[in-house]
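Good morning, and thank you for joining this group meeting. I would ask you to look at the structure with me before we go through its parts.

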Amino acid sequence: MQGSIESATPLVDACILATMTVELIATVALRANLGPTGRAVLSYRVPPPMHDLVQPGQLVWAPLRRSRVQGIVLSVEPGDTTALRELEDFGDPAAQLTPAGLELAAWVAETYRAPLYDVLGLLLPPGVGQEADSTWRATAEGMAIELGS
């Protein structure tokens with residue numbers, strides 16, 4: 001009898017964990033200078049709508065002081081986010097860096113004592129800047145709509 005209670009405990013624990021919301025922390029290299037080291041790497045809370053989409057190498061917008069700056073996600077981990085500010089939005093989806101690119105940039109920044117975002121910026125596609133540009137893309141649903149005359 002006791003064996004059946006013990007075997008049910010992991011199932012109950014799994015059900016409890018499945019209903020809990022997991023909080024994610026993104027470590028982000030920011031396009032900002034935060035002192036003499038030039039190292040602007042901060043942690044941010046990932047809002048729930050971004051949980052399934054955020055990944056390392058992605059360009060994001062993050063709050064910094066009273067402004068909004070670009071950053072590149074270095075890692076995403078579960079954790080306590082009570083004291084963290086929230087990521088605001090994704091940047092250009094075409095500006096995704098590969099894991100190898102992230103490793104190379106970290107090595108170059110460490111070896112040559114360069115600001116990490118400056119090195120990461122060299123791996124971004126041309127034209128990716130600090131300004132926010134609105135882009136529009138037609139979805140399959142939008143293309144299927146007939147716009148009567």
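Let us begin with Arg45, which counts as partly exposed at 24% relative accessibility. Please keep in mind throughout that this is a predicted model.

What does the side chain of Arg45 meet in a salt bridge? The partner is Glu86, with a distance of 2.0 Å from N to O. Arg45 belongs to strand S2, residues 41-46, while Glu86 sits in the loop between S4 and S5, so this pair ties together parts that are 41 residues apart in sequence. Glu86 is likewise partly exposed, its relative accessible area being 34%.

How many salt bridges does the structure hold? There are 3. Another of them joins Glu88 and Arg68, whose closest N and O atoms are 3.5 Å apart. Glu88 is in the loop between S4 and S5 and Arg68 is in strand S4; the pair therefore links parts that lie 20 residues apart in sequence. Glu88 has a relative accessibility of 38% and counts as partly exposed. Arg68, at 37%, also counts as partly exposed.

A further salt bridge is formed by Glu110 and Arg113, with 2.9 Å between the closest N and O atoms. Here Glu110 is exposed, with a relative accessible area of 52%, and Arg113 counts as exposed at 64%.

I now turn to strand S3, which spans residues 59-64. Is this strand mostly covered or mostly open? It is mostly covered, since buried means under 20% relative accessible area, and 6 of the 6 residues of S3 are buried. Leu59, Trp61 and Pro63 point one way from S3, whereas Val60, Ala62 and Leu64 point the other way. Residues on both of these sides are buried.

Which strands pair with S3? One partner is S4, residues 67-78, and the pairing is antiparallel over 6 bridges. Within this pairing, Trp61 stands opposite Gln70 in S4. S3 and S4 together form a hairpin, with 2 residues between them. In the turn, Arg65 has a positive phi of about 55 degrees.

Strand S5, residues 89-90, also pairs with S3, in the antiparallel sense and over 2 bridges. The bridge partner of Val60 in S5 is Phe90.

To close, I would return to S3: this buried strand pairs with S4 and with S5. The loop between S4 and S5 holds Glu86, the partner of Arg45, and Glu88, the partner of Arg68. Thank you for your attention.

How values were computed. Residues are numbered from 1 along each chain as its sequence is written. This is a predicted model: local features need pLDDT of at least 70, side-chain atom pairs count only at pLDDT 80 or more; totals for chains, interfaces and linings use all residues. Side-chain values use heavy atoms; hydrogens and water are left out. Buried means under 20% relative accessible area, exposed over 50%, partly exposed in between (1.4 Å probe, protein chains only). Helices (H or I, at least four residues) and strands (E, at least two) are DSSP runs, numbered from the N terminus. Two strands pair if DSSP finds at least two bridges between them. A salt bridge is a side-chain nitrogen of Lys or Arg within 4 Å of a carboxyl oxygen of Asp or Glu.
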